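Biologist: I would like to learn how to read a protein model feature by feature. Could you take me through one?

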Amino acid sequence: MTDRGDTHGPTRLSGLLITTVLTMTAASFSQAQNTLQENEERSVANEITIDERSALPGRVSFVLEGYDIPEGSYSIVVENLTRPATAVRINADTAMQPASTIKTLTTLAALNHLGPDYHWPTETYALGTVDDQGILNGDLLIRGQGDPFLVEEQLRNLLKSLMQQGIRHINGNLILDTSAFDSSLWQGEAMDGQTGRAYNVLPHPLLMNFQVNNFLFRPSTGENAVEILTDPPLSNLIIENKLTLRQSACNGFQRGIRADVFPEQNRIRFSGAFPDRCQQYRMTRATMTANDYAYGLIKLLWQQLGGTLSGEVIEDTNGTHLASQPDLTPASVHWSPPLSEIIRSINKYSNNVMTRQLLLTMGRNEGDSGVTLGAGQQAIYEFLAERGIPHSSLILDNGSGLSRQTRISASDLAAALHFAWHSPYMPEFLASLPLSGMDGTMSSRLNDATARGRMHVKTGSLDDVAGVAGYVYSESGDSYAVVVLLNHADADRGLGQELADAVLAWTVRQ
């Protein structure tokens with residue numbers, strides 16, 4: 001099982017945080033509430049409703065009939081946001097698995113709950129005295145607050161700021177204060193048993209580099225038949241190279257490489273036969289526990305800056321070290337990019353762990369520690385209730401869609417999109433969604449002259465689940481909210497995309 005929209009990684013995401021300029025004007029919050037109410041109360045006589053399979057547009061019916069898709073396995077909602085006009089509602093109130101389309105709801109709630117200018121702090125504390133030679137005689141503590149985008153560049157800047165305080169050598173341990181979230185959150189099982197997959201990384205208050213390593217494989221004439229390079233090169237990661245070479249073209253699943261990950265041992269083993277005609281091949285894996293990964297990365301960057309760290313890593317899950325020194329001030333602080341940029345990385349590239357960090361952040365009140373999944377879920381349910389957004393079908397789980405328990409109806413998801421369209425934060429929300437034929441998970445979809453750039457659409461995919469949720473700007477000048485969800489065998493293997501693209505392409509022509 002995989003959420004195929006999730007392509008996150010330190011290198012790729014670092015280039016995503018680009019300011020998007022929008023020219024649309026948002027209505028006030030009160031207008032959004034009134035619009036929702038008017039939408040519920042408007043007369044059916046003013047709209048043409050397609051509510052039967054036989055009345056669906058030709059291409060959509062062709063896909064459904066050609067693949068013999070059962071009527072109860074899909075939901076379709078197309079709503080005109082400009083004026084009461086043609087609407088499509090097929091199985092609209094049936095609760096379905098939404099996969100990553102549910103990220104639209106999580107990010108929308110976060111914009112309203114936290115605000116688009118929200119930043120996450122990460123702090124360092126010197127627990128000891130610093131002598132004239134720059135030696136910290138004591139421990140260094142780093143406290144995380146759940147920053148979803150604490151990648152190498154940002155962490156390096158945090159450590160550089162620490163050095164500017166005169167610290168060069170740490171004669172003590174590295175203490176990781178992880179008290180912001182309940183520790184059970186990063187001790188769960190991988191989805192569908194896929195340990196090591198990047199999309200399965202669990203949330204953590206000090207999530208660094210999304211907790212992944214990038215591996216590069218290439219043929220070698222050295223001791224090993226295949227050379228393995230890793231980025232970042234963590235000294236506490238054990239790599240077992242059991243690869244051999246085979247005479248073959250550069251093809252095959254994972255180029256014949258098997259990766260077995262043992263996170264509790266900080267160990268990964270590569271075996272199999274690598275094609276000798278492959279110049280190189282890249283693979284990303286989550287290989288270590290969060291604490292050991294953080295220790296290895298911090299030690300690496302600190303040494304690259306010219307510092308030394310003599311001790312080991314210690315986890316403080318209750319915040320006892322700082323609680324015993326309430327007047328201690330941070331030696332350095334890093335602030336994350338604003339939420340408005342964070343949600344672009346989340347929605348355009350369907351980043352699961354960033355979404356889970358976001359959900360937990362919503363569950364925190366000022367000064368809270370040990371935040372649980374339930375607190376984050378409650379924050380979203382309260383947002384929906386306060387704004388009058390229908391959500392009777394919603395089962396949220398972790399907020400990312402990487403779940404077999406998550407459920408929502410196409411009708412409820414469309415209601416959230418309707419609210420977002422008329423909300424003050426509509427420009428920030430819209431800018432976070434992939435553009436058809438241009439970027440994110442929609443970069444290669446609907447890229448013909450008619451549809452390219454006319455859609456802001458979040459995609460979703462799990463085994464046997466596929467869907468889209470977003471907006472379409474039609475040829476007539478009207479704007480539409482569109483939700484398509486398919487729960488059916490092999491929905492994720494092209495079938496779901498074909499159905500969704502047929503609905504989206506039809507909407508463009510309205």
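Modeller: Let's start with contacts, meaning heavy atoms within 4.5 Å. Among contacts in this protein between residues at least 6 apart in sequence, 73% join residues at least 24 apart. Please keep in mind that this is a predicted model, where local features need pLDDT of at least 70 and side-chain atom pairs count only at pLDDT 80 or more, while totals for chains, interfaces and linings use all residues. Residues are numbered from 1 along each chain as its sequence is written, and side-chain values use heavy atoms, with hydrogens and water left out.

Biologist: How many helices and strands does the protein have?

Modeller: The secondary structure comes to 13 helices and 21 strands. Both are DSSP runs numbered from the N terminus: helices are H or I with at least four residues, and strands are E with at least two.

Biologist: What share of the residues in the protein is buried?

Modeller: "Buried" means under 20% relative accessible area, "exposed" means over 50%, and "partly exposed" lies in between (1.4 Å probe, protein chains only). Here, buried residues make up 57% of the 510 residues.

Biologist: Which residues touch the most other members of the largest nonpolar core?

Modeller: First the general idea: in soluble globular proteins, nonpolar side chains tend to be buried together. A nonpolar core is a set of buried Ala, Val, Leu, Ile, Met, Phe, Trp, Tyr and Cys residues joined through side-chain atoms within 4.5 Å. The largest one here has 55 residues, and Phe-210, Leu-339, Leu-358, Met-362, Phe-429, Tyr-471 and Val-483 touch the most other members. Among the elements that give two or more residues to this core are H4, H11, strand S20 (465-473) and strand S21 (479-487). H11 gives the most, with nine residues. A second, separate core has 42 residues, including Leu-162, Leu-243, Phe-274 and Tyr-295.

Biologist: At what angle do the axes of H4 and H11 cross?

Modeller: Two packed helices are described by the angle between their axes and the distance between the axes. The axes are lines fitted to C-alpha atoms, for helices over the stretch in contact, and angles run from 0 to 180 degrees between N-to-C directions. For H4 (residues 103-114) and H11 (residues 410-421), the axes come within 10 Å and cross at roughly 35°. The crossing is left-handed, a term for a near helix turned anticlockwise from the far one by less than a right angle; clockwise would be right-handed. H4 makes the contact through Thr-104, Leu-105, Leu-108 and Asn-112, and H11 through Leu-413, Ala-416, Phe-419 and Ala-420. By class, that is six nonpolar, two polar and no charged residues. In this scheme Ala, Val, Leu, Ile, Met, Phe, Trp, Tyr, Cys and Pro count as nonpolar, Asp, Glu, Lys and Arg as charged, and the others, Gly among them, as polar.

Biologist: Now strands, please. Which residues of strand S8 point one way, and which the other way?

Modeller: In a regular strand the side chains alternate between the two faces of the sheet. In S8 (residues 174-177), Leu-174 and Leu-176 point one way, Ile-175 and Asp-177 point the other way, and all are buried. Two strands pair if DSSP finds at least two bridges between them. Strand S6 (residues 135-144) runs parallel to S8, joined by four bridges, and Arg-143 stands opposite Asp-177. S8 also pairs in the parallel sense with strand S16 (residues 313-316), over four bridges, where Asp-177 stands opposite Asp-316.

Biologist: How many residues of S21 are buried?

Modeller: Eight of its nine residues are buried. S21 pairs with S20 in the antiparallel sense over nine bridges, and Tyr-471 has Ala-481 as its bridge partner. S20 and S21 form a hairpin with five residues between them, and Gly-477 in the turn has a positive phi of about 100°. Seven bridges also join S21 to strand S2 (residues 74-80), running antiparallel, with Val-78 opposite Val-482.
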